[in-house]
Amino acid sequence: MSPVSQTSKPFLRALAGETVTPPPFWLMRQAGRYLPEYRATRTQAGSFLDLCYTPDLAVEVTLQPLRRYGFDAAILFSDILVVPDALGQKVAFKEGEGPVLPAIRSAADLDRLDLAGFHQHLAPVYATVAGLAKAIPATTALIGFSGAPWTVATYMIEGSGSKDFPNAKGMMFSQPELFGRLMDLLVRATGDYLIRQIDNGAEAIQIFDTWAGALPEEEFAKWVIAPTRTLVERIRAERPGIPVIGFPRGAGVLYKKYVQETGVDGVSIDSSVPLAWAAAELQPHCTVQGNLDPLLLVAGGEALDAGIDRVLNTLGKGRFIFNLGHGIVPPTPPENVARLAERVKNWKG
């Protein structure tokens, strides 16, 4: 029996392979703009990055949804782009525009990045993890996280969010050596970052590969699966007993190859993944997490109830963690999240 199964925390038991009834649940972006108390704390912090780098406030916004809904897991409040920020690529968040970075387009741009002050820059994030480890309820698990190297690289190369990643894919196809150097740096930095989160109290890790679905099969294997496998193997070797969840959003049928070849303990699936397929093809290999459409949480009512029941009735009889197919969106009514929480907690299987 692995160390994670010897626990009273339902979330960790599910990741260790147990079928837990009712299943543990948490929601991506459970701390966020849909909550009035989050908006008040965000105003107090100033900018979004200031909130990420102010441990007392980051702990507070992480705890807010736990107080309301009794989730089985808390996830560190931070952002995937603190990694390039700590490497020396200054990140800013512009209202209505999202993240903006000075784009990496050449070897000279890449040479300006440096691991030297990495952990010092991220010390406030580690302090948040340590604070949460002390503050969360005894039966609640603490999730640390990072972006996956491919997804983080897209922002670094594009200089912002993108829909089709012309510069990132352009570098990947036409400057493979330069792209490989950037990915190697991100694999190393991300591994260091996750290990340090674990050392400060994170009990599980989630790796968000939000743009995994943008890559063709061969590139998916090289730039999504291989870097994730390296991170999983490093965590398993250096911090045994810490489970890893991967989220290669949009991967379609490649979810199965991802699960089999990365060695993740759990896989988070987006809302487009057919439930019966996930039960047949993914659940035999690892714990499945997901995958209610976040917009059902906005709609509420009977449509929400029916969506919750479909997910529970198809996946709840195996190793499973209830979640959304992506993050909570800002217009979500808090009372709909309460309705979801009550329905999941009362599910009898």
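Predicted model: local features only at pLDDT ≥ 70, side-chain atom pairs only at ≥ 80, totals over all residues.
The buried residues of helix α12 pack against α9 (149-158), α10 (166-174), α11 (176-199), β5 (204-209), β6 (244-248) and α13 (254-262).

**Helix α12**

- Helix α12 runs over residues 217-238, and its 22 residues should span 32 Å at 1.5 Å a residue, which agrees with the 30 Å that separates its end C-alpha atoms.
- Where in α12 does a kink lie? A kink of about 30° is found at Ile-225, shortly before the proline Pro-227.
- Both Ile-225 and Pro-227 belong to the buried residues of α12, and so do Glu-219, Phe-220, Trp-223, Val-224, Thr-228, Leu-231, Val-232 and Ile-235.

**Helix α8 and what covers it**

- Helix α8, which is made of the 13 residues 123-135, reaches 18 Å from its first C-alpha to its last, and this is close to the 18 Å expected at 1.5 Å a residue.
- The buried residues in α8 are Val-125, Tyr-126, Thr-128, Val-129, Ala-130 and Leu-132, and what covers them includes the helices α3 (48-52), α4 (55-69), α7 (118-121) and α11, together with the strand β4 (141-147).

**The nonpolar core**

- In soluble globular proteins, nonpolar side chains tend to be buried together.
- In this model the largest nonpolar core has 127 residues, and those with the most contacts inside it are Phe-11, Phe-118 and Phe-322.
- Helix α11 supplies the largest share of this core, namely twelve residues.
- If neighbours within four places in sequence are left aside, Phe-118 is in contact with Val-83, Ala-86, Leu-87, Tyr-126, Ala-189, Asp-192 and Tyr-193; of these, Tyr-126 is one of the buried residues in α8.

**Buried residues and their contacts**

- Gln-197 has its place in helix α11, and because its relative accessible area is 0%, it counts as buried.
- Not counting residues up to four places away in sequence, Gln-197 touches Leu-76, Tyr-126, Val-129, Gly-144, Phe-145 and Ala-202, and among these Tyr-126 and Val-129 are buried residues of α8.
- Thr-151, which is found in helix α9, is likewise buried, because its relative accessible area is 0%.
- Apart from neighbours within four places in sequence, the contacts of Thr-151 are Ile-80, Phe-208, Asp-209, Thr-210, Trp-211 and Ala-212.
- Asn-323 lies in strand β9 (residues 320-324) and counts as buried because its relative accessibility is 0%.
- The residues that Asn-323 touches, not counting those up to four places away in sequence, are Trp-26, Leu-27, Met-28, Gln-289, Gly-290, Asn-291 and Leu-292.

- Gly-70 is placed in the loop between α4 and β1 (73-75), and, neighbours within four places in sequence aside, it is in contact with Phe-25, Pro-65 and Lys-345.

**Cysteines**

- A disulfide is a covalent bond between the sulfur atoms of two cysteines.
- A search of the whole structure finds zero disulfides.
- Cys-52 counts as buried because its relative accessibility is 1%, and Cys-286 counts as buried at 1% relative accessibility.

**Details of the backbone**

- A cis peptide bond, with omega of about -5°, joins Thr-21 and Pro-22, and Pro-22 sits in the loop between α1 (10-15) and α2 (36-45).
- Arg-29, which lies in the loop between α1 and α2, has a positive phi of about 60° although it is not a glycine.
- Another cis peptide bond joins Gly-290 and Asn-291, with omega of about -20°, and Asn-291 belongs to strand β8 (residues 287-292).
- Phe-165 is a residue other than glycine with a positive phi, near 55°; its place is in the loop between α9 and α10, and it is buried, with a relative accessible area of 2%.

**An annotated span**

- According to UniProt, in an unreviewed entry, the annotation "domain: Uroporphyrinogen decarboxylase (URO-D)" covers residues 143-159.
- In the model, residues 143-159 are 59% helix and 29% strand, and the end C-alpha atoms of this span lie 28 Å apart.

Terms used: Residues numbered from 1 in each chain as written. Heavy atoms only, no water. Disulfide = S-S within 2.5 Å. Buried < 20%, exposed > 50% of the residue type's maximum accessible area, 1.4 Å probe, protein only. Helix = DSSP H or I, 4+ residues; strand = E, 2+ residues; numbered from the N terminus. Expected span 1.5 Å × (residues − 1). Bend = angle between axes of the 7 residues up to and from the residue. Contact = heavy atoms within 4.5 Å. UniProt positions renumbered as here; feature names shortened; annotations may be inferred. Core = buried A, V, L, I, M, F, W, Y, C linked by side-chain atoms within 4.5 Å.
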